[in-house]
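The points follow the structure shown here.

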Amino acid sequence: MRAILSLILGDCVMRERIFLSPPDMGGSEQRLVSEAFASNWIAPLGPFVDRFEQELGAYLDSHVCALASGTSALHLGLLTMGIGSGDRVYCSDFTFSASCNVIRYCNAEPVFIDSERDSWQMDPDLLAQKLEEDDKAGKLPKAVVVVDLYGICADFDRIEKICGRYGIPILEDSAEALGSTRFGRRCGTFGKVSGFSFNGNKIITTSGGGALVSKDESIVKRARFLATQAREPGPCYHHLTIGYNYRLSNILAAVGCGQMMVLDKHFERRRAINRRYMAELGNIEGIGFMPEPGDAVSNKWLTVMTLDPNVIKKSPEELRLLLETENIESRHAWKPMHMQPVFEPFECVGGAVCEEIFNRSICLPSGSSLTDDDQTFVIDAVKKYLG
Ligand SMILES: *Cc1c(COP(=O)(O)O)cnc(C)c1O
């Protein structure tokens with residue numbers, strides 16, 4: 001249709017913008033939100049929050065607390081681990097800033113750990129080295145935030161063992177990785193506590209929302225308590241702890257229940273989009289893609305393409321601007337945390353690997369609602385500018 005229109009009308013047809021990862025409603029969300037309205041469960045919490053938690057819990061075989069954002073889930077994750085002022089917390093260097101902003105919310109100090117080349121996730125060897133060093137110096141971290149970047153699960157087989165040696169808990173940032181698996185287990189079930197995001201650009205969305213997940217029910221109960229203003233039981237408002245207003249509203253949970261119905265579909269669609277990009281662009285010299293380790297099945301949240309600067313003369317930024325002229329949204333890979341002025345005072349172990357990946361990479365439109373036509377248009381545009 002798009003092709004025919006532009007044939008007839010030429011370039012004066014303004015194409016609809018192709019977004020990187022827009023929300024993709026499955027069809028039942030509006031009905032469920034109407035149900036919430038009809039029952040007047042508008043106010044915070046209500047039956048859809050319970051249902052959403054149950055459904056997600058069944059999917060992950062874990063306990064779940066639905067929250068206002070992925071960031072609040074990670075923040076509460078650290079609080080349930082007792083992280084506080086002056087504590088050291090390791091964190092993946094290659095991530096979105098929310099993973100480590102929460103460390104600063106606790107007045108703790110992040111230490112960034114570089115990625116391994118094979119998966120782009122936290123490098124277990126560097127982690128082991130740094131823990132050994134810090135153990136000798138008597139300054140072990142209180143927790144490690146491990147990110148499942150772009151839907152690929154980190155190497156928890158090794159990371160769990162390494163942290164286990166010192167009894168250090170893992171907070172798994174699975175914001176981008178709902179549906180992914182590694183070693184036959186779902187992402188978000190490796191950490192002592194894990195966080196998911198249902199922001200508008202994620203694999204499923206509640207427009208804004210998140211969840212804290214754990215196998216340990218007492219942790220989830222504690223998080224629920226902290227997220228609802230830390231109100232002690234009893235008739236008057238009695239507080240022993242600083243609380244937060246972090247719960248997901250019943251209206252948004254209704255959207256989440258609708259999205260759970262299409263999670264598998266979204267997962268398959270993003271994987272198919274990724275396969276097609278790889279099949280049609282992967283044979284161009286100098287173009288590569290984020291690697292998927294053999295034991296991992298990624299939800300391919302975003303397809304990340306790499307450009308070898310020795311072969312391809314255009315930088316990711318030049319390509320991004322050219323795609324922009326076609327009304328196609330693309331985006332840089334996350335800029336590593338050690339390159340962020342706001343985290344400059346903090347230590348980083350390595351950093352060269354993810355810095356190189358960042359300098360070479362660009363994320364292509366990957367939303368589950370991307371049509372075949374739209375993808376053809378994106379692929380042709382990339383070929384036009386890089387071919
Ligand atoms: C999106 C994202 C978050 C934050 O989730 P919000 O729901 O936007 O607060 C945290 N970590 C990573 C890696 C993310 O991609």
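1. By class, the shell around the ligand comprises 5 nonpolar, 8 polar and 3 charged residues (Ala, Val, Leu, Ile, Met, Phe, Trp, Tyr, Cys and Pro count as nonpolar, Asp, Glu, Lys and Arg as charged, and the others, Gly among them, as polar). In total, 16 residues surround the ligand, a residue being counted if one of its heavy atoms lies within 4 Å. The closest are Thr71, Asp173, Glu176, Ser197 and Lys202.

2. The model is predicted: local features need pLDDT of at least 70, side-chain atom pairs count only at pLDDT 80 or more, and totals for chains, interfaces and linings use all residues. Residues are numbered from 1 along each chain as its sequence is written, and side-chain values use heavy atoms, with hydrogens and water left out.

3. Helices α4 (70–80) and α5 (98–105) each supply at least two residues of the shell; helices here are DSSP runs of H or I with at least four residues, and strands are runs of E with at least two, numbered from the N terminus. The largest share, 3 residues, comes from α4.

4. Oxygen atoms of the ligand lie 2.5 Å from a side-chain N or O atom of Thr71, 2.5 Å from a polar side-chain atom of Glu176 and 3.2 Å from one of Lys202. The protein covers 92% of the 380 Å² of accessible area that the ligand has on its own (Shrake-Rupley method, 1.4 Å probe).

5. Ile170 belongs to strand β5 (residues 170–173). Ile170 is buried, with a relative accessible area of 7% (buried means under 20%, with a 1.4 Å probe and protein chains only). The C-alpha atoms of Ile170 and Val145, 25 residues apart along the chain, are separated by 5.9 Å.

Note on methods: A polar contact is a pair of N or O atoms within 3.5 Å; within protein, one must be able to donate a hydrogen and the other to accept it, and residues adjacent in sequence count only if both atoms are side-chain atoms. Buried means under 20% relative accessible area, exposed over 50%, partly exposed in between (1.4 Å probe, protein chains only).
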